[in-house]
Structure formats: C-alpha cells, structure tokens
Amino acid sequence: MTQRDFAKVVNCSFALIALVEVGKRNVSKELEHKVKTAFNIDDQDIQSITTIISEFTKGIPPFM
C-alpha cells in the first residue's frame, strides 16, 4: 500500500502521512482514531503488531 493509498483509506492528506513517516509530525489522537477505524483495529492489535515488529527486527543491523 502506498502512502497515497493509505491516506485515502484513512481519509487524511497524503502530506500528513508522508510527514508522519519521516518523523516531522506526530500521530495525533485524531489520526490514530482514523487509522484504527479504517482498519478495524484496537489497542491490543497495535501492541501485537509492535511486538511482532520488535521480535522480527532483533539482531538485524540498521540500514546504511
């Protein structure tokens, strides 16, 4: 899914998604709510995804 596709699904601007992805904007409560609603996920789902990503990336060196 591209940033533009994600923005359409979440119903926000592409620019906002791009800025969040590069760390120039924080995820607001409103954006968080939109993402959770659009993808039908809750806080437990977010925690599970975070744990999986953390486990998956253990021991993998960062990209140069």
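**Lys-34 and Glu-30 lie about one helical turn apart, being four residues apart in helix 3.** Helices here are DSSP runs of H or I with at least four residues, strands are E runs of at least two, and both are numbered from the N terminus. The model is predicted, so local features need pLDDT of at least 70 and side-chain atom pairs count only at pLDDT 80 or more, while totals for chains, interfaces and linings use all residues. Numbering starts from 1 along each chain as its sequence is written, and side-chain values use heavy atoms, without hydrogens and water. The Lys-34 and Glu-30 side chains form a salt bridge, with 3.8 Å between the closest N and O atoms; the term means a side-chain nitrogen of Lys or Arg within 4 Å of a carboxyl oxygen of Asp or Glu. Lys-34 is partly exposed at a relative accessible area of 26%, whereas Glu-30 is exposed at 54%. By these terms, buried is under 20% relative accessible area, exposed is over 50% and partly exposed lies in between (1.4 Å probe, protein chains only).

Lys-29 is exposed, with 68% relative accessibility; Glu-32 is partly exposed, with 26%.

**Lys-36, a residue of helix 3, forms a salt bridge with Asp-43.** The closest N and O atoms of Lys-36 and Asp-43 are 2.3 Å apart. Lys-36 counts as buried because its relative accessibility is 17%, whereas Asp-43 is exposed at 52%. The side chains of Lys-36 and Glu-32 are joined by a polar contact of 2.7 Å. A polar contact is a pair of N or O atoms within 3.5 Å, one able to donate a hydrogen and the other to accept it within protein; residues adjacent in sequence count only if both atoms are side-chain atoms. Apart from neighbours within four places in sequence, Lys-36 is in contact (heavy atoms within 4.5 Å) with Ile-41, Asp-43 and Ile-46.

**A network of salt bridges links Lys-29, Glu-32, Lys-36 and Asp-43.** The structure holds four salt bridges.

**Phe-39 belongs to a nonpolar surface patch with Met-1 and Val-9.** Together, Met-1, Val-9 and Phe-39 have about 290 Å² of accessible area. Phe-39 lies in helix 3, which spans residues 29–39, and counts as partly exposed because its relative accessibility is 32%. Patches are made of residues with over 30% relative accessible area and no salt bridge, joining like charges within 9 Å and nonpolar side chains (Val, Leu, Ile, Met, Phe, Trp, Tyr) within 5 Å.

**The protein chain has four helices and zero strands.** From the N terminus, its elements run α-α-α-α. The C-alpha atoms fill a box of roughly 35 × 30 × 20 Å along the principal axes. Of the 64 residues, 12% count as buried. Among contacts between residues at least 6 apart in sequence, 26% join residues at least 24 apart.

Notes
Accessible areas come from the Shrake-Rupley method with a 1.4 Å probe; for residues, only the protein chains shown count as cover.
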